[in-house]
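Colleague: Please take a close look at one part for me, the interface. Then connect it to the rest of the model.

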2 protein chains.
Amino acid sequence: MRDFSQDHRWLSINTATVRRSRGQEVPLPQILDACAQRGIRAISPWRDQVQAAGLAQVSRMVRSHGLSLSGYCRGGMFTAADEAGLKAADEDNLRALEEACELRAACLVLVVGGLPGALSGRAAHKDIGLAREQIRDGIGRLLERARAAGMPLAIEPLHPMYAADRASVNTMEQALDLCDALDPQCTGALGVAVDVYHTWWDPKLQQQIERAGRERVLAFHVCDWLIRTRDLLNDRGMMGDGVIDIPRIRGWVEAQGFEGYSEVEIFSAEDWWQRDMGEVLDACIARHRSAV
Amino acid sequence: MRDFSQDHRWLSINTATVRRSRGQEVPLPQILDACAQRGIRAISPWRDQVQAAGLAQVSRMVRSHGLSLSGYCRGGMFTAADEAGLKAADEDNLRALEEACELRAACLVLVVGGLPGALSGRAAHKDIGLAREQIRDGIGRLLERARAAGMPLAIEPLHPMYAADRASVNTMEQALDLCDALDPQCTGALGVAVDVYHTWWDPKLQQQIERAGRERVLAFHVCDWLIRTRDLLNDRGMMGDGVIDIPRIRGWVEAQGFEGYSEVEIFSAEDWWQRDMGEVLDACIARHRSAV
């Protein structure tokens, strides 16, 4: 297992972590500058942030700063109530794929979608099995294009509390079953993003990380589970402030040969997004060394 | 599959559902009267409610009203930071067992506990594997006494969002692995409580219900998952108001031969607990017929 205590060379910042500074939106170029100033070598930006700044500018800045992308957030949302919705999702995913390629991301992260309509407050139906079929088929279609483009797809199983509205793939086992079905040769084109927040509770986590192996662990995300979580979406903790044994899980991932970045992804409306971006990035660096 | 649309003979009310009426605590005897007045044949009371009213009085009322207990809430909380804590948990569980026997409950429901101390805000450690060992051993010790008393124990896997503080048994598969380990002969002394709120998201739910079979499904709990869940603990929905396909899951359970009560268990601080108890019970009856 790598020693993270001496430096932060393997730290990546998911840019949602500093999406807001003192409660105000921060443009992505400012985030990139702040990361580069601190010797942070990798980021994982969100599409809406890239679009707001312009893909061309972001691409130039990523290159001039020498930044790597540990992933690109995000493709997915494969479920829909009708054919038009499925087609729109496919088209949007192809754009995400092109952007990921332009930014030379290590992978395109897939948040696969839940019951259609649920995210905007009204589910079109209650058939989670049907949603899961659409997800499988949608990943299958995207995989053909991603393979041709040389961009790996990382299915991110989300915590079961997001099964209704964000992702109906909720365990590593389920994600790996999809990988087996869609990429049985284990070519490296399809794998998983292991996020400790989503998976730490899973009694089969170690077993499934071993099943995934080096080929299928494409990304490793960290934050922490707070004992008194006040909000289902935006109350994630800084590493060390919660109850997840992050080094243990990193050990399992690295035992498979994973040598990539440890990506910090914290959504925190009432705490970290209210602080100054510089303070947050400094905390990420410190906790990467002490608690990851 | 039984037809619930014509009457509510298979409805049970978990008394936490009407723990408060218009925001005020309701003594258990009032709840029992209100249930009996509506022809509700079964309840599942909580220990704190029973203790407040006195076990002897509750026992008399249950018998005079001809009420059955679909379960007794709850034993468990097997984890502790030291030997004294483990011993105290064992003793408390023996008292719960005696109460369940006195009330002739169909089973004693087990909410098994999480990281020690987490429920009161400060976890003693982050080793969920150790917590799970304590849970297994604690159930094993209680099982000997429960078997002698003729009281079945129902392990209730809780939603993974409660893994830290309430129960580190979080899937049906995990609960059934415990049953296999502790009661390999499948004697009926140990099984599971299937709560749709905790399990609906699980891609292996149908498979694991089939694995459980008639012998190990000891209880069936219903409520609903609201799309916009505002609180991790106390924002459960009335059946039909959320996205769980409850009849489908009941069909799976009944296909195994389950013929028990469908127990309504809703914690709802901002909605149902603010309404009048009578209105809530009437809604439970109506939704039992239309949405379960």
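Modeller: Contact here means heavy atoms within 4.5 Å. By that rule, 39 residues of chain A are in contact with 39 residues of chain B. This is a predicted model: local features need pLDDT of at least 70, side-chain atom pairs count only at pLDDT 80 or more, and totals for chains, interfaces and linings use all residues. Residues are numbered from 1 along each chain as its sequence is written, chains are lettered from A and ligands numbered from 1 in the order written, and side-chain values use heavy atoms, without hydrogens or water.

Start with area. Chain A and chain B bury about 2,800 Å² between them (accessible area, 1.4 Å probe, that two parts lose on being put together, summed over both). Carbon and sulfur atoms carry 63% of that area. On the chain A side, A:Lys126, A:Trp201 and A:Ile227 lose the most area to chain B. Together these three make up 22% of what that side buries.

Four salt bridges cross the interface of chain A and chain B (a side-chain nitrogen of Lys or Arg within 4 Å of a carboxyl oxygen of Asp or Glu). A:Asp127 and B:Arg248 meet through their side chains in a salt bridge, 3.7 Å from N to O. Eight residue pairs, both at pLDDT 80 or more, are in polar contact between chain A and chain B (N or O atoms within 3.5 Å; within protein, one must be able to donate a hydrogen and the other to accept it, and residues adjacent in sequence count only if both atoms are side-chain atoms).

Which helices take part? Helix H5 (128–149) and helix H6 (172–182) of chain A each supply at least two residues of the side that touches chain B (helices, H or I, at least four residues, and strands, E, at least two, are DSSP runs numbered from the N terminus). That side of chain A divides into 17 nonpolar, nine polar and 13 charged residues (Ala, Val, Leu, Ile, Met, Phe, Trp, Tyr, Cys and Pro are nonpolar, Asp, Glu, Lys and Arg charged, and the others, Gly among them, polar).

Now the wider picture. Over all chains, the structure holds 60 salt bridges. In one of them, A:Asp195 pairs with A:Arg236, the closest N and O atoms being 3.7 Å apart. A:Asp195 lies in strand S9 (residues 190–195) of chain A and A:Arg236 in the loop between strand S10 (217–222) and H9, so the pair ties together parts 41 residues apart in sequence.

The backbone has some details too. The peptide bond from A:Cys73 to A:Arg74 is cis, with omega near 0 degrees. A:Arg74 is in strand S6 (residues 72–76) of chain A. In chain B, the peptide bond from B:Cys73 to B:Arg74 is cis, with omega near 0 degrees. B:Arg74 is found in strand S6 (residues 72–76) of chain B. A:Met77 has phi near 50 degrees, a positive value in a residue other than glycine. A:Met77 sits in the loop between S6 and helix H4 (83–102) of chain A.
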